[in-house]
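Trainee: Can we go through this one together? I would like to start with the sheet and then turn to the charged pairs.

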Amino acid sequence: MNSSTIEKLLLNEVKEQVKMHCVSYLGRNLIDNLMPSGDINIVSRRLNENKEARNVVENSTHIPLEGLFNIMPVIDKVEKGMILEPIELVDIQDFLRGCRKIKKFMEEKEFYSPRLSSYSLNITELKNIEEEINYCVKGNKVDSNASNELKKIRRNIDTAESKVKERLNKFITSSVNKKYIQEFIISKRNDRYVVPIKASHKNEVRGTVLDTSSKGNTVFIEPESISKTSSDLILLLADESVEEYKVLSYLTELIFENIRQINLNIEVISEYDMVFAKAKYSQKIKGVTPIINNCGNINIKNGKHPLLADGAVPLNFVIGKDYRSLIITGPNAGGKTVTLKTVGILTAMAECGFDLPVDEGTEISIFENIFVDIGDNQSIENSLSTFSSHIKNISYIVRKSNNTTLVLLDEIGSGTDPNEGAGLAISILEELYLKGCITVASTHYGEIKKFATSHPDFENAGMLFDPNTLEPMYKLTIGKSEDSNALFISKKMGISDKIIERAKGYINSREYSTKVIERSKILKEKETSDSDDLVANTFLDYERGDRVKLLDKDDFGIIYNSVDKFNNVEVFYKDQFIAVNIKRLVLKSKAADLYPVGYDLDSLFVEFKDRKLERDMERGSKKALKKIQKQIKNR
C-alpha cells in the first residue's frame with residue numbers, strides 16, 4: 001500500500017490509538033512499522049494472534065510486561081565493542097528478568113493461546129547474567145563485593161580519607177589557623193580535599209592553592225600536612241577506576257557472548273507487546289475479528305469508522321459477490337466520502353491484523369493493493385488543477401491495478417465539462433472492471449448511474465436524504481441511486497418556481513432553445529446632450545438584461561420584464577422592481593452585447609448573499625444547511 005493511500009485513509013491515526021496500549025518502545029516501534037499485507041496467510045496469522053491475545057487479556061488480571069524498556073541502544077553499544085555503564089547493565093538485568101516472567105506467564109496460557117504460547121519457546125532465560133549483574137552492581141554503581149581487589153582498594157580509600165579528614169579537622173580547629181580560615185568547612189576540588197582560606201592570608205598558610213572563588217576573596221588550599229596522604233588517595237582512586245572497568249568489561253563480555261539470544265528475546269517481547277496492545281485496543285472499540293477471503297467479497301455489517309464518535313451511523317456494505325463495481329450517489333455532505341473511507345480503513349485495518357468496529361459475520365477481502373482518489377489534490381507547486389491532479393492520480397491507479405486491487409474513487413470525473421467528465425469516468429470505470437478490480441466510486445452524474453444500471457456487474461447505491469429537514473441521513477441503500485437534490489435545495493433557498501420548472505424541463509428534455517423576438521423599431525430621432533444615449537430609438541419590446549437609463553431618475557437600471565399592454569416595463573433599480581413607461585426610458589446597451597451566450601440572466605436579480613448560499617449548498621456546506629433550516633423554522 002502506497003503512502004498516499006495510508007495518508008488519505010488515516011491509517012496512521014488508527015495506529016496511534018493502538019500504540020497507546022503498548023508498555024514499551026519495542027511494541028510501539030513494531031506498530032509504527034506495521035503495514036497492511038496482501039498475503040491472506042499473513043493476515044490470517046495476525047488475526048488469530050489477536051484473537052488469542054484477547055483471550056489472554058480477558059482471562060488475566062495482569063500481563064507481566066513491566067521492565068521491558070528499549071534496550072536496543074545498549075545492545076548497539078555492546079555490538080560496537082563499547083563497555084557498558086552500571087545503569088545500562090541494570091537495564092539489561094531488568095529486561096532479562098521481564099523476559100523470564102513473560103516466558104513463564106505465556107507457558108501457563110497454552111490453553112487460551114496455543115500459538116502465542118509457542119512463541120515463548122524462543123525466549124532464552126539468561127539467569128546467570130541477571131545474577132552476575134545483580135551481584136556486581138548495586139545502586140547503579142559497581143559494588144565493592146564485585147572483586148576482592150576492588151574490596152581491598154576501597155578499604156584503603158576509606159582509611160586514607162579518614163586520615164585526611166582527621167588532619168583537616170585539626171587544622172580548622174587550631175587557634176593558630178583560625179584567623180586565616182574563611183569558612184570552617186572541608187571542601188573538595190578536583191578530588192582533593194581543601195580548606196577555604198582568606199585570600200589576604202594565602203601566603204601565610206603552607207600548602208598548595210588548588211582553586212579560587214569567583215570574586216577572588218577565597219582561595220582553596222590543600223594544607224602541606226595532608227599532601228602525602230592526599231596523593232596516596234588519588235592513586236587509590238585511580239586503582240579503583242581500573243578495577244571497576246575490569247568488572248564492567250567482564251559483565252559486558254557476558255552480554256556479548258549471548259547477544260544473539262538477547263536479540264531474539266527482543267523480537268519475541270516486541271511481538272508480545274504489540275499483540276497485547278492490539279487486543280486491548282480491540283476491547284476498547286468492542287472489536288470483532290472479521291472473516292477473511294481473497295476473492296473480492298466484502299460484507300460489512302454495522303461497521304463504523306474507527307476515528308468517528310460512537311454516534312456515527314453504522315454502515316452496511318456489500319460488494320464482490322453479485323457485482324464488482326458500486327456507484328454511490330446522493331446529496332453533498334451526505335456521507336459518500338465517509339463511506340468510501342470507512343470501507344478503505346476497515347480493509348486496511350484487517351490486513352494489519354486489527355479487530356474491527358463491526359458486527360459478527362463481517363467479511364473482508366484481502367487485496368494486494370488498495371488505491372484511493374479522495375479529496376482535492378490540487379498542486380500549486382506543480383501547476384496542476386484539481387481535475388488534472390485527480391486524473392494524474394487515476395492514471396497511476398489504472399496502470400498499477402489488477403484483479404487483486406480495491407479502488408475507491410470520490411466524485412469521479414468532476415472538475416471539468418460534465419459531458420466529457422461523465423464519459424471519461426465511465427470509460428475509466430469500465431477499464432478498472434476489465435482489469436478485475438473491486439471498485440467503489442461516488443458521483444453526481446446521471447450518465448454514470450444509467451451506465452451502472454445497464455451493466456450486469458455494476459450496481460447503484462445511494463445516501464439517504466431527509467427532504468423535510470434538509471439533513472442527510474448518512475445511510476447507504478444498495479440497489480437504488482439517490483438524487484443530489486440540487487433543485488429541492490435551491491427551491492428552499494428562494495430560487496423562484498419559474499426557474500426551478502425551467503430547469504426541470506431542461507433536465508428531462510435535454511433540449512435548450514432561445515426565444516427570438518422580432519422587434520419593431522419606431523424610428524424617431526431625439527436630440528440630447530448625452531452622446532452615449534441611444535436616442536431616437538424606442539423599442540416596443542425590451543429584453544431581460546437590457547441596460548436602460550431612467551429619465552426621471554437620471555440613473556440606470558436593468559430590464560426584468562418586457563413591455564406589457566400599458567407600454568410599461570418592469571425595471572430592476574436599486575434592489576427593487578419598479579414599473580416604468582417606455583417613454584421614460586432610453587436604451588443604453590442590449591443584453592446580447594453585455595453578456596456571453598448562455599449566461600444566466602436570472603443571476604442579475606439575485607442578491608449576492610443568496611448566490612453565495614446557493615454555491616455553499618452545492619459544495620455541501622453544513623453551515624449553509626443550518627441557515628436554510630433556520631429560515632424554514634422562522635417561516
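Here is how the conversation went.

Mentor: First, the ground rules. This is a predicted model, where local features need pLDDT of at least 70, side-chain atom pairs count only at pLDDT 80 or more, and totals for chains, interfaces and linings use all residues. Residues are numbered from 1 along each chain as its sequence is written, and side-chain values use heavy atoms, with hydrogens and water left out.

Trainee: In what order do the four strands of the open sheet lie?

Mentor: Strands (E, at least two residues) and helices (H or I, at least four) are DSSP runs, numbered from the N terminus. Two strands pair if DSSP finds at least two bridges between them. Here the pairing is antiparallel, and the order is β3-β4-β6-β5.

Trainee: Which are the edge strands?

Mentor: An edge strand here pairs on one side only. That picks out β3 (187–189) and β5 (207–212).

Trainee: Which residue is the bridge partner of Asp211 in β6?

Mentor: β5 and β6 (residues 218–223) pair in the antiparallel sense over five bridges. In β6, Asp211 has as its bridge partner Phe220.

Trainee: What angle does helix α9 make with β4?

Mentor: Helix α9 (residues 148–173) packs on the sheet and touches β3, β4 (192–198) and β6. Contact means heavy atoms within 4.5 Å. Axes are lines fitted to C-alpha atoms, for helices over the stretch in contact, and angles run from 0 to 180 degrees between N-to-C directions. For α9 and β4 the angle is about 10°.

Trainee: Now the charges. How many salt bridges are there?

Mentor: The rule asks for a side-chain nitrogen of Lys or Arg within 4 Å of a carboxyl oxygen of Asp or Glu. By this rule the count is 20.

Trainee: Is Lys19 buried or exposed?

Mentor: Lys19 forms a salt bridge with Glu16, at 3.0 Å from N to O. Both lie in helix α2 (residues 11–19), three residues apart. Buried means under 20% relative accessible area, exposed over 50%, partly exposed in between (1.4 Å probe, protein chains only). Glu16 is partly exposed at 42%, while Lys19, at 12%, is buried.

Trainee: How many residues apart in sequence are the parts that Arg584 and Asp552 tie together?

Mentor: Their side chains meet in a salt bridge of 2.8 Å, N to O. Arg584 lies in the loop between β22 (576–581) and β23 (585–589), and Asp552 in the loop between β19 (547–550) and β20 (555–561), so the pair ties together parts whose separation in sequence is 32 residues.
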